[in-house]
Amino acid sequence: MAIALPRIAAHPNRLPFRGVLTLVDSPSERAPAGARGHRVLLTREAAERALPSLLGMGLDFTPSLDGHDARRKVGVITSAEIVELSSAHGPRPSAATELDGRRPKTDDRRLALEVAGYLFAKDFPDVVRELRAAGQSLGMSYEVADARVADTGAQVWVLNEVTFTGAAVLKKSKAAYAGTSIEIEAVVGSRPSAATTLDGRRPMAVDRRPTNIRAASPQQELP
């Protein structure tokens, strides 16, 4: 699913990026902000329903790349898709963890929500340089509103419904999911290429209530 923007050759303020925003149907390694110390699991059904809400949302950052700041938009998300990851991508959850009757996947198939879009390279050249320098140490994290939690008393909150309101690029060590990632293309003005591979995986084909949750920065509380 994607927004088709008009193609403009060598647009100085469109630097393509793509990455893994979050794992799906897998519990987070850390508790995200707004989850009151609970780890979370975004179900595939909820993620699929919420994909349209992710398109056109901003990608934000903090100066220390350690959390979310919804008022610092360095880019925009234009496509989103749920894909299957290889077993080599990131840590796996414990098979012994029980999640409200739902067990994490025990085979090699893992699902992720991949996104792509553009960074505002002309507006934020210093930030882009910093992101490039940080390389593979960076991940991503979603921001949602109107999250519906199956059981707020559970150790792991199962999110059955969300509305995406944005995302952040940040250090993997600060993200709820260490298996997230971001890649920035080298050439300003190019388009996300369907032939490009992402860690051996095929890239994207272009094409609600109690809480607001940000999948990072455990120190932050509900807005």
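**Notes on the salt bridges**

1. R44 has a relative accessible area of 34% and is partly exposed (buried is under 20% relative accessible area, exposed over 50%, and partly exposed in between, with a 1.4 Å probe and protein chains only). The model is predicted: local features need pLDDT of at least 70, side-chain atom pairs count only at pLDDT 80 or more, and totals for chains, interfaces and linings use all residues. Residues are numbered from 1 along each chain as its sequence is written, and side-chain values use heavy atoms, with hydrogens and water left out.

2. Three salt bridges turn up in a search of the whole structure (a side-chain nitrogen of Lys or Arg within 4 Å of a carboxyl oxygen of Asp or Glu).

3. R44 pairs with E48 in one of these salt bridges, with 2.9 Å between the closest N and O atoms. The two residues are four apart in helix 1 (residues 44–54), so about one helical turn separates them (helices are DSSP runs of H or I, at least four residues, and strands are runs of E, at least two, numbered from the N terminus). E48 is partly exposed, at 37% relative accessibility.

4. A salt bridge also joins D69 and R72, at 2.9 Å from N to O. D69 is partly exposed at 24% relative accessibility, and R72 is partly exposed at 36%.

5. R148 and E161 form a salt bridge in which the closest N and O atoms are 3.3 Å apart. R148 belongs to strand 6 (residues 138–149) and E161 to strand 7 (residues 156–171), so the pair ties together parts 13 residues apart in sequence. Relative accessibility is 40% for R148, which is partly exposed; E161 is partly exposed at 22%.
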